[in-house]
Each structure stands twice: as structure tokens, then as C-alpha cells.
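Hi,

Here is the structure I promised to pass on. Have a look at it first, and then read my notes below.

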Amino acid sequence: MIPCRPRRTDRRCDHGRPLACPVAHTSADPRSGQPLCPDCYDYTGHVIWHAYAGRLWKAFTDNLYHHLAARTGVSRTALRRSVRISYAKVAEYQRRAAVHVHAVMRLDGATGADSPPPHWADGRLLADAVPTAAAAVRLTAPYHPALGEYELRWGDQLDVRALRSGDTSDELSDDAVAAYVAKYVTKGAAESGAGLDYSVKGPADIGAAVVSQHVRALMATCWRLGGLPELDSLRLRSWAHTLGYRGHILTKSRAYSTTYAALREERGAHERAEKDDLGAPDLDGSTESQWRYVGSGHTAGAALLAAGIAEDLAANREIAREARMAVGR
């Protein structure tokens with residue numbers, strides 16, 4: 001196994017913490033993904049980058065058209081009339097709770113997947129244009145006197161690979177795409193311990209959340225930055241549970257494949273056909289015209305259970321509050 005951060009010298013940061021980590025962490029190690037020095041870590045930059053991830057992707061795809069045009073010698077207008085970039089992408093939280101993107105990209109004809117691209121628009125051209133288009137993206141976050149002005153871009157780690165079927169053809173394998181996307185969708189945020197699956201209502205919820213100290217600091221940063229008028233449009237408090245990231249885990253371009261609406265319609269038609277085949281009664285047309293009042297509130301037994309759950313939650317919050325006060329002392 002490879003050491004985490006090997007260094008030849010015992011250098012330390014301004015807070016006195018070592019900049020080296022000779023430990024070879026396993027996936028179960030709680031230290032994996034945690035900053036060597038939380039006081040040095042740029043939590044503000046981490047959160048703002050998450051908030052702008054969708055805009056960074058939009059800027060990248062726009063740039064990609066420009067770079068394809070430059071490589072082929074055609075005008076940007078002519079290229080957009082003959083080629084459409086289609087994609088499916090998955091956002092995955094790394095162990096350090098930072099989102100990175102896995103994307104399957106394809107060059108289609110002008111109308112999308114139902115039309116072939118020009119002969120010169122092949123996978124090699126797309127693979128060559130992706131790194132330069134990503135490197136050219138630059139966005140600027142709103143200026144704040146206490147934060148300064150952040151320039152946002154994609155990171156340096158970029159891996160471009162071709163997905164092909166088993167033979168020597170350049171045709172994209174549907175099985176390869178499905179396997180690639182499913183691998184990262186199923187990993188999800190739970191495997192990396194990043195964020196929560198429910199919204200937080202305030203600092204007390206963040207303090208009581210069962211997450212690492214690093215993730216807790218990111219959520220707290222979201223809440224703090226969400227109170228700044230300059231960043232109000234980012235709605236960081238509403239997305240504190242996802243560490244500022246506002247996108248969906250799985251997204252695709254409109255023309256990449258069938259739409260979700262079409263899939264829902266097809267699934268509904270299939271379920272209705274199964275009911276007809278089994279002779280099941282059609283419940284869609286049934287109505288209830290007579291109503292009567294049954295009751296409201298908990299039963300006696302349910303009230304006891306609810307009271308017990310409320311007491312447990314209150315006790316957990318009190319324990320978390322006392323632990324934070326103890327650390328502060």
C-alpha cells in the first residue's frame with residue numbers, strides 16, 4: 001500500500017501540524033479523506049466550488065464546441081449546425097467530500113442520437129478537445145470584503161478514455177456505458193460519508209449530525225456563508241446537507257438518450273398491460289363518495305413511542321452540545 005503523504009523532511013504548517021503522513025490508509029480508516037490541518041484547509045473555497053459546479057460544467061461544454069471548431073477549422077456556427085455534444089454524467093463525492101465528475105460524452109449529428117455525426121467528428125477529436133476545453137474554464141465568484149474574490153476552475157486531474165465494444169470498432173458499447181454509470185451511481189455519498197440525506201435547519205442540526213469533523217466543518221461553512229448577502233443567490237443554507245453542491249447525482253443532455261418522461265410513460269403502460277393480462281380490476285377509475293371522520297393524533301401507545309423518540313433526540317442533542325463545549329474549552 002502507498003503512504004498517504006510521504007515527505008523527506010519534517011515540515012510543518014503555520015499551526016505546527018506536520019505536512020507529511022506516512023500511514024497507508026485503508027478504506028475503513030476514519031482518517032482517510034480528512035485534512036492534515038483543518039485550520040489550513042480552505043473550507044470556503046471547497047463550498048463555493050461545489051455551489052458553482054453546475055456552472056463550471058456548462059462553461060466546459062460551451063468551451064468544448066469552441067475547441068472542436070478550432071481543431072477542425074470550421075466556424076463555431078457551422079460546427080453547432082452539424083454536431084451536437086451529448087453526455088451522461090455522474091457526480092461522486094470523494095473521500096475528502098469533494099465532488100468530482102464522471103462523464104460519458106459522445107458526438108452526434110445535428111439532431112442528436114438519431115443522426116450520425118460528420119465523418120471528421122470522431123472519438124479521437126473529442127478526446128483531444130476535452131482537456132484543453134476544461135483547462136480554459138474560468139469563473140469568478142462574487143466579491144466579498146471578508147472573503148475576497150474566488151476564481152473557479154476544474155482541477156488538474158483529468159482522465160480521458162475511450163469506451164468501446166469488444167471488437168475493434170469505434171462504436172460505443174451500451175453495456176460499457178451502463179456499467180460505467182452504474183458503478184459510480186451506486187457508490188453514492190454514503191460510501192464516502194459526505195453530507196446528509198435530509199436538510200438541516202440550523203447549527204444545532206449540524207452539530208448533532210453523525211458525520212466526520214471535516215464534513216461538519218463544511219456544513220457549518222455553508223451555513224455561515226449562506227448568511228452573506230453577496231452569496232444569497234447560491235442558497236447555501238438550503239444545500240448545507242450536500243455541502244453546497246446543488247446538482248443531481250445523475251444528469252444527461254436532452255439528446256443523449258430517451259427522456260425520463262418517456263420512461264415513466266412506458267413503465268405505466270407496462271403495468272397497465274400486466275393488470276389486464278391478470279384480469280385485475282382497474283382501480284384507476286374507482287372513486288369514494290362517502291367520507292367519515294375517524295380520528296386525529298396519536299393513539300395512546302403511539303403517543304408513548306413518540307414521546308420516547310423525542311426524549312432520545314433531545315438527549316443526543318444535549319450530549320453533542322456538551323461535547324462541543326468541552327472541545328471549545
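**What I found**

Let me start at the outside: Q157 is exposed, with a relative accessible area of 76%. Keep in mind that this is a predicted model, and everything below is computed from it. Q157 belongs to the loop that runs between β4 (151–152) and α5 (174–192). Its C-alpha is 9.8 Å from that of H100, although 57 residues separate Q157 and H100 in sequence.

**The overall picture**

The protein has 329 residues, and 31% of them are buried. You will find 9 helices and 5 strands, and from the N terminus the order is α-α-α-β-β-α-β-β-α-α-α-β-α-α. If you take the contacts with a separation of 6 or more, 58% are between residues 24 or more positions apart.

- β2 (residues 99–108) runs antiparallel to β1, and 10 bridges join them. Y87 has M105 as its bridge partner in β2.
- β5 (residues 250–252) is also antiparallel to β1, with 3 bridges between them. Here K89 is bridged to T251 of β5.

β1 and β2 make a hairpin with 5 residues between the strands, and in this hairpin A97 has a positive phi near 70°.

**The aromatic cluster**

Now for the rings. There are 6 aromatic pairs in the model. One of them is W57 with Y87, an edge-to-face pair at 5.2 Å centre to centre, with 70° between the planes. W57 sits in helix α2 (residues 53–72) and Y87 in strand β1, so this pair ties together parts that are 30 residues apart in sequence. Both W57 and Y87 are buried.

W57 also makes an edge-to-face pair with W154, at 6.5 Å centre to centre and 85° between the planes. W154 is in the loop between β4 and α5 while W57 is in helix α2, so the pair ties together parts 97 residues apart in sequence. That loop is also where Q157 lies, but W154 is buried, at a relative accessible area of 16%, whereas Q157 is exposed at 76%. W57 has a relative accessible area of 8%, so W57 counts as buried too.

Which residues do the ring pairs link into a cluster? They are W49, W57, F60, Y87 and W154.

Two charged side chains are worth a look as well. K89 has its charged end over the ring of W57, 5.4 Å from the centre of that ring. Elsewhere, the charged end of R80 sits over the ring of Y65, at 4.0 Å from the ring centre.

How many of the 9 residues of helix α1 (residues 43–51) are buried? The count is 9 of the 9, so the helix is largely enclosed by the rest of the structure. W49, from the aromatic cluster, is among the buried residues of α1, and so is H50. The buried residues of this helix pack against α2, β1, β2, β4 and α7 (213–225).

H50 is where I would zoom in. H50 lies in helix α1 and has a relative accessibility of 1%, so it counts as buried. Its side chain reaches the backbone nitrogen of V99 at 3.0 Å. Leaving out residues up to four places away in sequence, H50 touches Y93, A97, A98, V99, T242, L243, G244, Y245 and R246. One of these is A97, the hairpin residue with the positive phi.

Cheers

Conventions
Residues are numbered from 1 along each chain as its sequence is written. This is a predicted model: local features need pLDDT of at least 70, side-chain atom pairs count only at pLDDT 80 or more; totals for chains, interfaces and linings use all residues. Side-chain values use heavy atoms; hydrogens and water are left out. Helices (H or I, at least four residues) and strands (E, at least two) are DSSP runs, numbered from the N terminus. Buried means under 20% relative accessible area, exposed over 50%, partly exposed in between (1.4 Å probe, protein chains only). Two strands pair if DSSP finds at least two bridges between them. Rings of Phe, Tyr and Trp (its six-membered ring) pair if their centres lie within 6.5 Å; planes under 30 degrees apart count as stacked, over 60 as edge-to-face and the rest as tilted. A charge sits over a ring if NZ of Lys or CZ of Arg is within 6 Å of the ring centre and within 35 degrees of the ring normal. Contact means heavy atoms within 4.5 Å. A polar contact is a pair of N or O atoms within 3.5 Å; within protein, one must be able to donate a hydrogen and the other to accept it, and residues adjacent in sequence count only if both atoms are side-chain atoms.
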